[in-house]
Structure formats: structure tokens, C-alpha cells
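Work through the exercises below with the sequence and the 3D structure open. Each task is followed by its solution.

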Amino acid sequence: MSVRRRGKRFEVRWTEGGRKLSRSFLRAEDARAFDLDIKRRKQLGALAPGIIQSRQTLAEFVEAEWWPRYAIPNLAPETRRRYLEVWGAHLLPRLGDYELREITPMVVEDLRDQMTHAKVGAPTQRKVLMLLQGILRRAVVRGLMPVNAAQLVDKPKQRPTQLPQPLPPVTVERIRAVMLQPRTRVVPAAGAGKRSRRAYETSVGTSQDRQRNALIVSMLAYAGLRPIEDRGCTWGDLRDRTLHVFATKTSRPRDVDLIAPLAQDLAEWRMACGRPQDDELVIPRPSRGQWTREDWANWRRRVWRPAAIEAGVTGDLRPYRLRGSFVSLLLWEGHSLTYVAEQAGHSIATLARHYAGTMRELETKPRVPA
């Protein structure tokens, strides 16, 4: 390797892989810097990319590598949204300016201590450290770090998962009945002031809106769909006896066998919608199109929660509770763990762990058709 002057330019020559290479520069300083860099890389050997490029900060790596090349192609939109919240609130302000080579197990442990002193809850701390571990795993894969520092630090203990509280079919049908009832609300008359107390009643939601609300409950309780899955089904996914479901959480499809009440509800809903095409959504938003996260939050608050309370539901008021109702239906019917796990999109281990109490109750009970 050497720097030679060639007329008005400066040329660097070196050998790589048995080949003689060269590159020219206008300034001698640039040529000498390049020559020094080549020599340094030869001395470092296989460690060169990691040592040189690990000068990237964590924020630069996330923006240039992890987010566009890993998060966007591989993670569901809802997962990316949660990761962005965790990144912006906890990782970026605390570790964003650290160079990758500076992130050691001690730095990660100090991060956990900082969050503890800031009274960040254990579940959130666990999310932060798991996200950091995933980001640094990509840095290790790209040769920018020798080890994943976050993997060597203990995470806060995870609290026992809340066991499912399935709603019995009687309660599910009571909720549906409440949703199907016509509703009215009192609206002040236009221009009514202190002198006038006149008001009039107006209906809340059309009959089709009420039917849609009841169908959402049916699909969660009688097909075991996760809340985001029912909103993504199209009529083409519906067969004579099964419903094809793509699980955005696990990126795996499954075929759910339709029980009679749900099949009837779907048939009536399709007639009410004017026999839509196969590529149209089974449950579009009231103003048509795909549901948004805000639409679902509004539905939970304005439709589901009042109906559930009126139907006598206490404790956990999340619609996700209906998914447990479907699993319990199949277990009470006497199906095997393998079949129930396939229908719900669970692993057998997860199913056995969460529904161990239900299965113990069934040991001496007669089987009841769903």
C-alpha cells in the first residue's frame, strides 16, 4: 500500500483478495486518510466492520436500519405503534445518543435502575428492555456489536397472566339483546333557552348499526376471534361451514368451524347488507371502509361497555373476554386440546396453562353441545 502522485491527483494502491486495486484523490490528505483506513481494516480483520461502524448511535441505527429493514416488513401496525410509544418515552431520551459500542450490560442495568427510580412500572420496564434486546439483536446480526448487552441483564419478573373469565352463553345473548334494542336519547330543541324546556327524542343508531354491533359480539364469542381479527374478515373468507381467519398477532391463518348461531347471524347480516361481494369486509365501519384504532376504542366505550354493564357483567369489561367464552364452549363440548387450540389460534401449552381450572371442572361434568 502506498500513496503516489499522478499528475494533479494522488493515487492509493493496495492488494485485496489477490487483486491489485487503486483509487485516486484530488487532495493528498484524503489519499493518506484512505490509505490509513485500508491498513487499519487489514489489521482488524473480521472485527473491522463492527469496530468502525459501531460508532453509530442507537438512534441512528434504529432510524437507518432497525425500523425500515426489520420493524416495517415484519411487525404488525399495532405492534409498531406500541414499540414507537416505548421507544419515544423511555429508550430515545435515555440511550438514543449512546454509540452502539458504548452500550454494555452495565449501561443496560443502569437504564433499568433509572426507570425504577422514575417509578416506571415493572411491566413497562420489561417492555422497554425486551424492545432494546430486539434492536440490539439486529445490531449483532449486522456485525456492529459482538454481544447483545440487553440479553445479559435480568428483566423484571412478569406478573402471572390474568386468567380468562369467560362469559356464559346466557350472558352473551343478554348483551346481544341489549344491543339490538332500539335506543333513544333526549336532545334539546333548537334555540331552547331558559324560557323553554322543550326537547325531543331521537333514535340512537339505525337497525343495521344495532345488527352490526350484535354480530361483533357473536364473532368474538362464537368464533373466538381476537378483536382485530373480526374487523379484517371479508365475505370471501366465509365458507359453508368454516370461517378463514388470518391472525395478525401470530401471522398464521386458521379455519374456524362455524357453530349454528353464528352461521345464522352471518347469513342474516349478509342479507341486510344487500349481498356484498367477496372482497368486501364482513364488518365495515359504520361509514364504510376499514376500522381504525379510534373506531374500535369508541365502539368499546359507547356500545360494548354500556351493553355489558346493563346485561349484568362485572369485573373485566374488555370485549377480549368473549374469546374465552368461545374456548370454554368447545371445552364443555368435549373437544380435545389440540382441536380447541387450533380453533382459537393458541398453542396447546398456552391453552392448558390458561384454562386449567375450566378443564378440572369438566372432569366430572356431562358434555354440553355448543
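Buried means under 20% relative accessible area, exposed means over 50%, and partly exposed lies in between (1.4 Å probe, protein chains only). The model is predicted, so local features need pLDDT of at least 70 and side-chain atom pairs pLDDT 80 or more, while totals for chains, interfaces and linings use all residues. Residues are numbered from 1 along each chain as its sequence is written, and side-chain values use heavy atoms, without hydrogens and water.

**Exercise 1.** Classify Tyr83 and Trp66 as buried, partly exposed or exposed, then describe their ring pair.

Solution. Start with accessibility: Tyr83 has a relative accessible area of 30%, so Tyr83 is partly exposed. Trp66 has 4% and therefore counts as buried. Next, apply the ring criterion: rings of Phe, Tyr and Trp (its six-membered ring) pair if their centres lie within 6.5 Å; planes under 30 degrees apart are stacked, over 60 edge-to-face, the rest tilted. The centres of Trp66 and Tyr83 are 6.3 Å apart and the planes stand at 40°, so this pair is tilted. Then place the residues: Trp66 is in helix α3 (residues 58-74) and Tyr83 in helix α4 (residues 77-95), 17 residues apart. Helices here are DSSP runs of H or I with at least four residues, strands runs of E with at least two, numbered from the N terminus. Finally, ring pairs join Trp66, Trp67, Tyr70 and Tyr83 into a cluster.

**Exercise 2.** Describe the ring pair of Trp296 and Trp299.

Solution. The centres are 5.1 Å apart with 15° between the planes, and the pair is stacked. Both residues belong to helix α11, three residues apart, about one turn of the helix. Trp296 counts as buried at 10% relative accessibility, and Trp299 at 5%.

**Exercise 3.** Find the ring under the charged end of Arg23.

Solution. A charge sits over a ring if NZ of Lys or CZ of Arg is within 6 Å of the ring centre and within 35 degrees of the ring normal. For Arg23 the ring is that of Phe34, with the charged end 5.1 Å from its centre.
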